[in-house]
Amino acid sequence: MKRIDFRSDTVTQPTAAMRRAIADAEVGDDVYGEDPTVLRLEAQVAERLGLEAAVFVPSGTQANQLAIGAHCRQGDEVLTEAGSHILHYEGGAVPALWGVQPQPLPGERGLLSPEDVRAAVREDNIHNPRTRLLSLENTHNRGGGSVWPVARFRSVVEAARKAGLAVHLDGARLFNAGVALGVPVSAWASLTDSTAVCFSKGLGAPVGSALAGRADVIREARRLRKRLGGGMRQAGILAAAALHALEHHVDRLADDHANARRLAVGLAEVPGVKVDASRVETNMVFAEFSRPALEALSLLERHGVLTNPAGAPRTLRFVTHLDVSAADIDEALGRIRRAVS
């Protein structure tokens with residue numbers, strides 16, 4: 001029985017065309033700044049995001065952490081939404097690596113308001129940490145793949161600027177947001193001091209992310225990348241996959257979004273499963289089951305459907321991606337009905 005894997009969009013396999021791009025990659029020593037494929041990738045990322053420079057890194061976690069390290073100093077504070085990736089899924093790196101204090105802000109499906117930001121900025125007082133950075137996330141994972149409306153994003157960034165804060169965007173799935181709204185990703189990224197994007201999620205590359213931003217931020221990020229062991233040598237082999245993904249896998253994200261909506265509508269018809277299909281904006285579906293999440297997870301796995309708990313006691317997260325077709329969605333729905341009946 002074929003497994004249908006909804007655990008994450010990180011589980012994809014490189015396509016045959018991507019494997020050819022990897023095999024044919026022109027390479028050099030990236031630590032010396034001599035890998036032509038890495039340089040081409042970094043230039044393309046910076047251009048697409050509307051920022052000055054970019055640096056290729058092994059992971060999205062490292063991209064986010066390099067940004068925090070470049071913007072902040074020990075004893076500083078970063079404002080971020082309470083469900084953000086940098087709080088929940090990066091191993092406590094914010095305080096462990098940088099001595100920076102995160103302040104979680106309650107949001108609406110991962111989104112903040114200008115008022116939230118203004119209220120959170122601390123006054124200049126020797127008793128307080130310095131509020132230095134605002135970190136946002138688009139799309140927002142724990143928000144259900146929610147997309148920041150551009151106008152709302154701009155207003156929140158403006159509030160941060162008026163308070164003297166730098167702004168970082170965790171855009172691991174930013175290309176999903178761009179496809180969902182039909183706008184270039186620079187609509188968000190160009191407003192920030194730094195933006196991270198991931199190639200190994202919906203874009204389907206096997207590994208890699210990039211951090212783009214102001215030239216001075218990226219210079220510091222390169223130094224910190226070396227400190228964290230993220231300097232890679234003939235990294236063009238990996239960068240070639242990322243370039244292929246940028247050139248061939250962005251527009252097709254619309255297929256993943258359509259499949260997520262198809263899945264949500266179908267799940268809503270399964271007895272014992274609750275889904276609000278109207279909240280599916282990109283490639284994630286959060287479904288509430290009538291039994292504990294781990295029990296539902298086990299039942300689905302026995303029927304060849306893989307997924308993950310979503311943080312709530314009875315909720316599972318389903319993520320669509322390039323290795324899940326519309327036919328797979330229909331097959332998975334049949335298996336889920338049998339599993340929970």
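Which residues does Val 185 touch, not counting residues up to four places away in sequence? In this predicted model, Val 185 touches Arg 48, Leu 49, Leu 174, Phe 175 and Gly 178.

Start with the open sheet, which has 7 strands in the order 2-8-7-6-5-3-4 and mixed pairing. Its edge strands are strand 2 (53-57) and strand 4, each of which pairs on one side only. From one strand to the next, the twist averages 20°. Strand 5 and strand 6 (residues 166-171) run parallel and are joined by 5 bridges. Look along strand 6 and you will find Leu 169, with Leu 136 standing opposite.

**Helices on the sheet and on each other**

| Helix | Strands touched or crossed | Angle to strand 2 |
|---|---|---|
| Helix 2 (residues 36-49) | strand 2, strand 7 (194-198), strand 8 (209-213) | about 130° |

The crossing of helix 3 past helix 10 is right-handed. On the helix 3 side, the contact involves Gln 62, Leu 66, Gly 69, Ala 70 and His 71, while helix 10 contributes Val 217, Glu 220, Ala 221, Leu 224 and Arg 225.

Now back to Val 185, which sits in the loop between helix 8 (174-181) and helix 9 (186-189). Is Val 185 buried or exposed? Val 185 counts as buried because its relative accessibility is 7%, and the cut-off for buried is under 20%. Gly 171 is 14 residues from Val 185 along the chain, and their C-alpha atoms are separated by 9.2 Å.

The next spot is Arg 109, in the loop between strand 4 (101-105) and helix 6 (114-120). Arg 109 is partly exposed, with a relative accessible area of 23%. Its phi is near 50°, a positive value in a residue other than glycine.

Finally, visit Thr 139, found in the loop between strand 5 (130-137) and helix 7 (150-162). A cis peptide bond with omega of about -5° joins Asn 138 and Thr 139. As background to these last two spots, most residues other than glycine have a negative phi, and most peptide bonds are trans.

Note on methods
Residues are numbered from 1 along each chain as its sequence is written. This is a predicted model: local features need pLDDT of at least 70, side-chain atom pairs count only at pLDDT 80 or more; totals for chains, interfaces and linings use all residues. Side-chain values use heavy atoms; hydrogens and water are left out. Helices (H or I, at least four residues) and strands (E, at least two) are DSSP runs, numbered from the N terminus. Buried means under 20% relative accessible area, exposed over 50%, partly exposed in between (1.4 Å probe, protein chains only). Contact means heavy atoms within 4.5 Å. A crossing is left-handed if the near helix is turned anticlockwise from the far one by less than a right angle, and right-handed if clockwise. Two strands pair if DSSP finds at least two bridges between them. Axes are lines fitted to C-alpha atoms, for helices over the stretch in contact, and angles run from 0 to 180 degrees between N-to-C directions.
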